[in-house]
Amino acid sequence: MDVISKEKRSWNMSRIRNKNTKPEMIVRSLLHRMGYRFRLHKKCLPGKPDIVLKQYRTAIFVNGCFWHRHENCKFAYTPKSRKDFWMKKFRENIERDKLVMKQLENSGWEILIIWECETKDISVLQKRLKEKLHYE
Ligand SMILES: [Zn+2]
């Protein structure tokens, strides 16, 4: 596979705030099984969080590791060609994420970021959700 198509694939897979991605579906079905009630993609909130648990005043973002730059994660590699282009995109994204988090926190929301790579181990993911949501 050549470099360009690999980059393009990464791009397509990781576009910002892509709705109903596979990692997002994994988190949703797990929350459902755990008995939580939630809403999706609330447009009235900054950043349109992927999952909103109103009872816990918690907004969950399921972030792609590549696009949202998961630190020290192997999925957050930097493509070798068009480096300036990618660095600019990544910077913009990180800035946007920071702004959204701040806006949500300022209005009293708890934020939980689930990274794409964290959805690969369901038991670890479940533990994280339980801790954050004080699930009995
Ligand atoms: Zn990751």
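What covers the buried residues of helix 4?

Reply: First, the ground rules. This is a predicted model, where local features need pLDDT of at least 70, side-chain atom pairs count only at pLDDT 80 or more, and totals for chains, interfaces and linings use all residues. Residues are numbered from 1 along each chain as its sequence is written, and side-chain values use heavy atoms, with hydrogens and water left out.

Now the cover. It includes helix 2 (22-33), strand 2 (51-53), strand 3 (58-63) and strand 4 (110-115). Contact here means heavy atoms within 4.5 Å. Helices (H or I, at least four residues) and strands (E, at least two) are DSSP runs, numbered from the N terminus.

Helix 4 itself spans residues 122-133. Its 12 residues reach 16 Å from first C-alpha to last, close to the 16 Å expected at 1.5 Å a residue. That expected span is 1.5 Å times one less than the number of residues.

The buried residues are Leu-125, Leu-129 and Leu-133. Buried means under 20% relative accessible area, exposed over 50%, and partly exposed in between (1.4 Å probe, protein chains only). Seen down the axis of helix 4, the buried residues fall within an arc of 50 degrees, so they line one face of the helix. The arc is taken from the directions from the helix axis to the C-beta atoms. On the other side of helix 4, Ser-123, Lys-127 and Glu-131 are exposed. After helix 4 comes His-134, with a positive phi near 45 degrees.

Next, the loop between strand 4 and helix 4. Cys-117 lies there, and its SG coordinates the zinc ion. Donors are N, O and S atoms within 2.8 Å of the metal (3.2 Å for Na, K and Ca); water is not among the atoms, so sites may look incomplete. The 4 donor atoms subtend angles of 101 to 114 degrees, which makes the arrangement tetrahedral. Four donors count as tetrahedral if all angles lie between 85 and 135 degrees. Along the chain, the donor spacing is C-x4-H-x2-C-x43-C.

Cys-65 sits in the loop between strand 3 and helix 3 (83-106), so with Cys-117 it ties together parts that are 52 residues apart in sequence. Cys-65 counts as buried, at 0% relative accessibility. Cys-117 counts as partly exposed, at 24%.

Technical notes
Four donors count as tetrahedral if all angles lie between 85 and 135 degrees; four count as square planar and six as octahedral if opposite donors are over 155 degrees apart and all others between 65 and 115; anything else is irregular.
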